[in-house]
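The sequence and structure come first, and the questions follow.

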Amino acid sequence: MSTLGNPEPADAVLIAAAVGGDTAAFETLYRRHTGRVHGLCLRLTQSRAEAQDCTQETFIRAWRQLATFRGQSSLSTWLHRIALNEVLGRKRRASTEDRHLAVVRLEARDSHRGPATIDELERAIGTLPDRAREVFVLQKVYGYTHEETADLLNIAVGTCKAQVHRASRLLAEALGDTEL
Amino acid sequence: MTNDDAILSAELASRVGRLPREIEPPGDLWPGIAARLTREDTSLATLVQRLERDVAPDRDLWPRIEARLERPAGIAVPLRLSPVPAWFATAASLAAITVVALIASLMFVTTERALAPEGDDVAQAVDAIRAELAKVQGERLVIEESLQRDADNLSLHALWRYAYQTELDLAGKAEGLVDDYEGV
């Protein structure tokens, strides 16, 4: 594939090549989208190892299913959907983890002096209950609408709104947000 | 400003909005992914290419399969085996098309009918899935017959795996629908 004058081939071009079996094209797609996929996996699993596994599985599934991608959403959204299915599937299979929410929340508040740092913010988001965190991350970090989030998670829009409200309240509490 | 925005201070809401969307993995995951892709080599296009190369070199299967993917429909293609060598290319090609069409049909069933079925819709969706399951099972048996005559054919092995995985997926969908309906 010639890249002369077009160093960044569009996703659609790379997808067509990958569907034809071109793994180099798929590698380019991987390198273009892995940060966004891994970012979501890391925030939802709260585990580096799990996030890497989920990221890897996401791209392997994407390779298998690429011929069925019809471009009705962006590739990025499609990959997020696969990643979400992978993360949520693993959660269903795994036993529920006790996150000691109250303790962590208290520690976060006690250590808070002034505006929350990025690390504190990420940690506080990590302490949110699963569903609230999923909704909050998709909407507030990745910019999906209520409707898009509800569709991605296969939940009602009303549930989505309630969960993001809950997440915001918990986050404000955890960080001792002054305008609470 | 929405209600949940009002809960967070403007400063905190702004900080959340500025969190990085991309977080690169600590190591390069591509070598592991590439190894899996090479080992499994399960893309539809790769399977079709193998069939075109090894089994039916005079046929261009992909446009026909792609057309079926555009407008999914469960179409059972009758397979007639004969003792002459030509049977093999025809049978394997038609089996490939049928399996792919059934996979596409599965997607149609799950997206159009089974995502939010209620009452009678559940029964209809389950019946549709069971009908598809029977078709896929039939095609798998044909592929197994072909394998008995050409046990080393990698394309047929890959097709068999596809058919078997599709059977499992269909059975899982039917089971999930019944569980959901019965409130399990």
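**Asking what the labels rest on**

Of the contacts in chain A with a separation of 6 or more, 61% are between residues 24 or more positions apart. The model is a predicted one.

Q: What makes up the secondary structure of chain A, in helices and strands?
A: Chain A has 9 helices and 0 strands. Along the sequence, the pattern reads α-α-α-α-α-α-α-α-α.

Q: How much of chain A is buried, and what does its accessible surface come to?
A: Buried residues account for 50% of the 180 residues in chain A. To be counted there, a residue must have under 20% relative accessible area. The accessible surface of the chain is about 8,500 Å², and carbon and sulfur atoms hold 49% of that.

Q: Which residues of α2(A) and α3(A) meet?
A: On the α2(A) side they include F26(A), Y30(A), H33(A), V37(A) and C41(A), and among their partners in α3(A) are R48(A), A51(A), T55(A), F59(A) and W63(A). By class, this contact of α2(A) with α3(A) has 11 nonpolar, 8 polar and 2 charged residues.

Q: What makes Q46(A) worth a look, and why is this residue called partly exposed?
A: Q46(A) sits in the loop between α2 and α3 of chain A. Its phi is positive, about 60°, although Q46(A) is not a glycine. The relative accessibility of Q46(A) is 36%. Buried needs a value under 20% and exposed one over 50%, so Q46(A), at 36%, counts as partly exposed.

Q: Which residues bring α7(A) and α8(A) into contact?
A: R131(A), E134(A), V135(A), L138(A) and Q139(A) of α7(A) meet H146(A), T149(A), L152(A) and L153(A) of α8(A). The residues of this contact of α7(A) with α8(A) divide into 4 nonpolar, 3 polar and 2 charged.

Q: Why does H146(A) count as buried?
A: H146(A) is part of helix α8 of chain A. Its relative accessibility is 16%, and the limit for buried is under 20%, so H146(A) is buried. Leaving aside residues up to four places away in sequence, H146(A) touches Q139(A), V157(A), C160(A), K161(A) and V164(A).

Q: Why is L88(A) called buried?
A: L88(A) belongs to helix α4 (residues 75-93) of chain A. With a relative accessible area of 14%, against a cut-off of under 20%, L88(A) is therefore buried. Apart from residues up to four places away in sequence, L88(A) touches R131(A), E134(A) and L153(A). The C-alpha atoms of L88(A) and L44(A), 44 residues apart along the chain, are separated by 8.9 Å.

Q: What makes E86(A) buried?
A: E86(A), also in helix α4 of chain A, has a relative accessible area of 5%. Buried means under 20%, so E86(A) qualifies. Beyond residues up to four places away in sequence, E86(A) touches C54(A), E57(A), T58(A), R61(A) and R93(A).

Q: How do you know that N154(A) is exposed?
A: The relative accessible area of N154(A) is 63%, and exposed means over 50%, so N154(A) is exposed. N154(A) lies in the loop between α8 and α9 (157-174) of chain A.

Terms used. Residues numbered from 1 in each chain as written. Chains lettered and ligands numbered in written order. Predicted model: local features only at pLDDT ≥ 70, side-chain atom pairs only at ≥ 80, totals over all residues. Heavy atoms only, no water. Contact = heavy atoms within 4.5 Å. Helix = DSSP H or I, 4+ residues; strand = E, 2+ residues; numbered from the N terminus. Nonpolar A, V, L, I, M, F, W, Y, C, P; charged D, E, K, R; others polar. Buried < 20%, exposed > 50% of the residue type's maximum accessible area, 1.4 Å probe, protein only. Areas by Shrake-Rupley, 256 points an atom, 1.4 Å probe, with all protein chains shown as cover.
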